[in-house]
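This briefing goes through one protein chain, topic by topic. Please keep the sequence and the 3D view open while reading.

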Amino acid sequence: MRTRTRQGLRSSTRQQGGRRRRAVSAAAAVAIGVMTLGALAPPAASDAAPASDSAAPAAAAARPDAVQQSLNTLVRDDGIPAALASVQDRDGRTRTYTAGVGDLTTGSKVPTDGQVRIGSNTKAFTAVVVLQLVGEGKIGLDATVDTYLPGLVRGEGIDGRRITVRQLLQHTSGLPEYGIHVDDDEIRNRYFEPRELLDIALRYKADAAPGTTWGYSNTNYVLAGLIVQKVTGRPLAEEMDRRIIKRIGLRHTYFPAPGEMTVREPHPQGYHRNPADGPLRDFTEMDPSAGWAAGQLISTNSDLNRFFTALLAGRLLPAAQLAEMRTTVPAGTSGLRYGLGLTSRPLSCGGVYWGHGGDIAGYETRGGATDDGRAVNVAVTTIPTAEAATQHVKDAVDRALCG
C-alpha cells in the first residue's frame with residue numbers, strides 16, 4: 001500500500017520506480033509503533049561466517065563473504081537492527097546469514113532463518129490462489145468484479161461492472177488505496193474485517209479509469225481475496241494453506257488467525273521509526289488484519305525461496321496461468337515490471353529475477369528467484385528511512401544472485 005506521514009500500510013514497490021515517500025504509512029500490510037524504546041543504535045555487525053550452511057562453501061549460489069558483507073553494511077552503516085538472508089543455488093542447496101541483534105533491549109542473537117512478517121509478498125500467494133481458480137474454470141481473468149461481488153464496488157468514478165479480475169491482480173484497476181486513511185494507533189490493536197477495508201477505500205474517488213495506468217493499491221487484493229471466498233465458500237486463509245502452504249511444504253509460513261498478534265516461532269523483533277528521524281520503536285506484536293489478502297502472512301526467507309522457485313517451476317499453476325502471471329506492465333522507471341501478483345526486476349549480471357517484496361512497519365523483505373533455480377530473500381527488521389539503506393537492501397539481493 002502507499003505511504004503517508006504515518007506508517008501503516010506500505011507499498012512494496014515504492015523504491016523501484018517513481019516517487020518515494022519515506023516516514024510513511026501505506027502499503028503491503030500493516031504497521032504501527034507505539035512503544036518507544038528511545039534512540040537505540042544497533043550494535044555493529046560482525047564479520048562472522050554465515051549462520052548455517054547446508055552445502056560446501058564453494059557450492060553456494062554467491063560468495064559467502066559477499067552476502068555477509070552486505071548484511072553487515074545494513075547493520076553497521078544504515079542502523080538496521082538486524083538483517084537476515086537465505087540464498088539457494090541452482091541445485092537447491094541453501095546458505096543462511098544473519099547480522100545485528102534480534103532484540104535491541106536484550107541484545108539477543110538473531111534467530112537463524114527467523115520468522116518475519118512478509119507484507120506484500122502475501123499478494124503473490126493471493127494471486128496464485130486466484131489463478132488456480134482460473135485454471136479450474138471458477139474465475140475468469142477478464143470477468144468483472146460484479147460477476148462475483150454484484151453491486152459491492154461503487155463509488156466516485158468506481159464501478160465494479162468496469163473492473164476486471166486481471167486489473168485487480170495487476171494494479172491497473174484505478175481503485176484508491178485504503179491504507180493511507182488508516183491511523184497507525186488505530187490498527188495496532190484493532191481487528192478489521194476485509195469489508196471494512198474496502199469501505200474505507202470506496203469513500204474516495206478513483207485514482208484512474210480502469211485499464212489506463214498502473215497504480216499500486218492494496219484495495220485490489222482485498223477484493224481479490226473477497227472473490228476467492230465468494231467462489232470457494234471458504235476463508236481465504238484456509239484456501240491459501242491448502243492450495244499453497246501445505247502443498248509445497250512451507251513449514252514456517254502461516255496466515256495469522258483473527259486476533260493473533262504475536263509471531264509463533266523464533267523471530268527477530270521488528271522496529272519502526274516515525275518520523276523518519278525519530279527513535280526506533282518496537283511493534284513486533286500487532287494485529288495484521290489491515291493487511292489481509294494484501295499483506296498478512298508470516299514466513300521465513302527460506303520458505304519464500306521455496307515458494308518462488310516452486311512457482312516458477314510450474315508446481316503451483318498450470319502453464320497457461322503461469323504465463324498470465326508473468327505477463328507484465330511497466331511499474332516505475334527502474335526496470336521493475338508488474339505481472340499478476342509477481343514482479344520482474346533486472347539483475348546487474350543480466351537477466352531478471354521474479355518475486356514481489358513486502359514492507360510492513362517493522363520488517364522489509366526483498367528477493368525472488370530466477371528461471372534457472374537460484375533464489376534469495378533478504379529481510380531487515382525496520383523499513384529503511386534513507387535512500388542509501390534502501391539501495392543497500394536491493395544490492396544485497398543482487399549480489400547474492402549475481403555473485
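**Overall picture**

Among contacts in the chain between residues at least 6 apart in sequence, 69% join residues at least 24 apart. The model is predicted. Its chain has 403 residues, and 61% of them count as buried. The secondary structure consists of twelve helices and 17 strands. The accessible surface of the chain is about 14,000 Å², and carbon and sulfur atoms account for 49% of that surface.

**The nonpolar cores**

- The largest nonpolar core has 80 residues, and Ile244, Phe307 and Leu311 are the ones that touch the most other members.
- The element that gives the most to this core is α2, with nine residues.
- Leaving aside residues up to four places away in sequence, Leu311 touches Val128, Leu316, Leu317, Leu322, Met325 and Leu342.
- There is also a second, separate core of 20 residues, and among its members are Val67, Val75, Leu347 and Val397.

**Helix α8 and its buried side**

- Helix α8 covers residues 236-245, and its buried residues include Leu236, Glu239, Met240, Arg243, Ile244 and Ile245.
- These residues lie on the same side of α8, because they cover an arc of only 160 degrees around the axis.

**The disulfide**

- How many disulfides does a search of the whole structure find? The search finds one.
- The disulfide is formed by Cys349 and Cys402, with their sulfur atoms 2.0 Å apart.
- Cys349 is in the loop between β13 (343-346) and β14 (352-355), while Cys402 is in helix α12 (residues 387-402), so the pair ties together parts that are 53 residues apart in sequence.
- The torsion about the S-S bond of Cys349 and Cys402 is about -70 degrees, and therefore the disulfide is left-handed.
- Cys349 has a relative accessibility of 43% and counts as partly exposed.
- Cys402 also counts as partly exposed, at 24% relative accessibility.

**Two buried glutamates in loops**

- Glu177 sits in the loop between α4 (165-170) and α5 (184-189).
- Is Glu177 buried or exposed? Glu177 is buried, because its relative accessible area is 2% and the cut-off for buried is under 20%.
- A polar atom of the Glu177 side chain lies 2.5 Å from the backbone nitrogen of Gly179.
- The Glu177 side chain also reaches the backbone nitrogen of Asn218, at 2.7 Å.
- Glu260 is in the loop between α8 and β8 (271-273), and counts as buried at 15% relative accessibility.
- The side chain of Glu260 reaches the backbone nitrogen of Ala257 at 2.8 Å, and makes a polar contact of 2.6 Å with the side chain of Arg264.
- Glu260 touches Tyr254, Met286 and Pro288, if residues up to four places away in sequence are not counted.

**Gly368 in strand β16**

- Gly368 belongs to strand β16 (residues 363-369).
- The relative accessible area of Gly368 is 0%, so Gly368 is buried.
- Not counting residues up to four places away in sequence, Gly368 touches Asn305, Phe308, Tyr353, Trp354, Gly355, Arg374, Ala375, Val376 and Asn377.
- Gly368 and Leu401 are 33 residues apart in sequence, and their C-alpha atoms are 9.3 Å apart in space.

**Positive phi angles**

- Most residues other than glycine have a negative phi.
- Asp113 is not a glycine, yet has a positive phi of about 55 degrees.
- Asp113 lies in the loop between β4 (94-100) and β5 (116-117), and counts as buried at 19% relative accessibility.
- His171 is not a glycine either, and has a positive phi of about 60 degrees.
- Where is His171? His171 is in the loop between α4 and α5.
- His171 counts as buried, with a relative accessibility of 0%.

Note on methods
Residues numbered from 1 in each chain as written. Predicted model: local features only at pLDDT ≥ 70, side-chain atom pairs only at ≥ 80, totals over all residues. Heavy atoms only, no water. Helix = DSSP H or I, 4+ residues; strand = E, 2+ residues; numbered from the N terminus. Buried < 20%, exposed > 50% of the residue type's maximum accessible area, 1.4 Å probe, protein only. Contact = heavy atoms within 4.5 Å. Areas by Shrake-Rupley, 256 points an atom, 1.4 Å probe, with all protein chains shown as cover. Polar contact = N/O pair within 3.5 Å; in protein donor to acceptor, adjacent residues only side chain to side chain. Disulfide = S-S within 2.5 Å. Arc of directions from axis to C-beta. Core = buried A, V, L, I, M, F, W, Y, C linked by side-chain atoms within 4.5 Å.
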